Amino acid sequence: MKHYFVADSHLGSRLFDDNDAKIAHFIEWLNMATAEESEIYLLGDIFDFWFEFAHAIPPGFDRLLDALRKKTQNGTRIHFFCGNHDQWTYGYLQNYCGLTVHKTGEFIEIEGKRFYLAHGHGLGEKRRITRLLNSIFESPIAQWLFRHLMIPHLGYAFGYSWSARNRKKHDSVENINRHHNYYEAHNTDSNAFQVEWAKQFSAEHPDVNYIVMGHLHKEVNMRLASGCQLLILDEFYENYGFATFDGSNLWPENFESNIL
């Protein structure tokens with residue numbers, strides 16, 4: 001039995017020219033991963049913006065949601081770890097798609113090995129503005145107000161626009177230089193927040209064999225001092241990174257097909 005991990009596909013992003021092709025590519029990966037007996041771990045930001053209103057879910061994902069539902073009905077267990085873009089699920093992914101939803105990072109035993117799985121946002125984060133935004137997004141009060149006071153189609157327009165604007169800002173030369181200056185001033189690098197967190201976490205939990213997460217949109221694969229393997233997954237919209245665990249080894253891969 002194999003276990004597959006994927007994160008950061010950001011399906012629905014307004015920065016993609018063809019979201020239908022991105023969704024088709026993800027479904028093809030899902031078909032590959034479930035061709036034989038397997039278990040799937042979706043480690044956050046699968047959707048660029050997912051928010052379940054009382055009587056509405058984000059449009060445009062019927063094909064993917066039906067594919068996930070079919071997989072779970074056929075016996076595949078699929079875990080969904082909430083990311084910072086798709087943490088606002090209130091039952092639909094569980095009830096319709098049959099996903100096992102994890103709101104936060106968790107310890108999970110797989111084939112006798114102890115894993116810690118999470119999306120990765122907020123872990124070791126030191127930037128005040130990012131921590132503030134995370135606390136607002138995770139606030140039950142803020143979520144309740146948005147869910148009950150916002151008109152759904154306006155909420156989705158706002159969510160996708162916010163995400164696209166922040167992605168452009170994140171990828172801008174000015175922001176890259178600003179972050180480089182920040183990391184340099186703090187004697188660290190762009191991977192350090194999650195990596196340094198993982199080093200401390202593994203030292204405190206020496207029984208953990210693997211830490212797997214996403215969020216960076218950049219692959220990091222390293223052995224920590226405790227012996228734990230840290231694997232931060234590459235994104236799944238350009239490089240199409242994912243990982244496989246066969247009970248003995250965990251390794252990163254890149255998915256290719258003829259769809260894109």
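This is a predicted model: local features need pLDDT of at least 70, side-chain atom pairs count only at pLDDT 80 or more; totals for chains, interfaces and linings use all residues.

Visitor: In which helix is Trp144 found?

Guide: Trp144 belongs to helix H5, which covers residues 140-149.

Visitor: Is Trp144 buried, partly exposed or exposed?

Guide: Buried means under 20% relative accessible area, and exposed means over 50%. Trp144 has 49% relative accessibility, so this residue counts as partly exposed.

Visitor: Which residues make the nonpolar surface patch of about 470 Å²?

Guide: Trp144 contributes to that patch together with Ile141, Leu145 and Leu149.

Visitor: How should I read the two faces of a strand?

Guide: In a regular strand, side chains alternate between the two faces of the sheet. In strand S7 (residues 210-213), Tyr210 and Val212 lie on one side, Ile211 and Met213 lie on the other, and all are buried.

Visitor: Which strands are joined to S7 by bridges?

Guide: Strand S6 (residues 113-117) runs parallel to S7 and is joined to it by 3 bridges; here Leu117 has Val212 as its bridge partner. Strand S9 (residues 229-232) is also parallel to S7, with 4 bridges between them, and Gln229 is the partner of Tyr210.

Visitor: In what order do the 6 strands of the open sheet stand?

Guide: The order is S4-S3-S2-S1-S10-S11, with mixed pairing. Strands S4 (100-102) and S11 (250-254) each have a single partner strand, so one side of each lacks a neighbour in the sheet. On average, neighbouring strands of this sheet are turned by 20° against each other, direction ignored.

Visitor: How many bridges join S1 to S2?

Guide: There are 5 bridges between these parallel strands, and His3 is partnered with Glu39 in S2.

How values were computed: Residues are numbered from 1 along each chain as its sequence is written. Side-chain values use heavy atoms; hydrogens and water are left out. Patches are made of residues with over 30% relative accessible area and no salt bridge: like charges are joined within 9 Å, nonpolar side chains (Val, Leu, Ile, Met, Phe, Trp, Tyr) within 5 Å. Accessible areas come from the Shrake-Rupley method with a 1.4 Å probe; for residues, only the protein chains shown count as cover. A salt bridge is a side-chain nitrogen of Lys or Arg within 4 Å of a carboxyl oxygen of Asp or Glu. Helices (H or I, at least four residues) and strands (E, at least two) are DSSP runs, numbered from the N terminus. Buried means under 20% relative accessible area, exposed over 50%, partly exposed in between (1.4 Å probe, protein chains only). Two strands pair if DSSP finds at least two bridges between them. Axes are lines fitted to C-alpha atoms, for helices over the stretch in contact, and angles run from 0 to 180 degrees between N-to-C directions.
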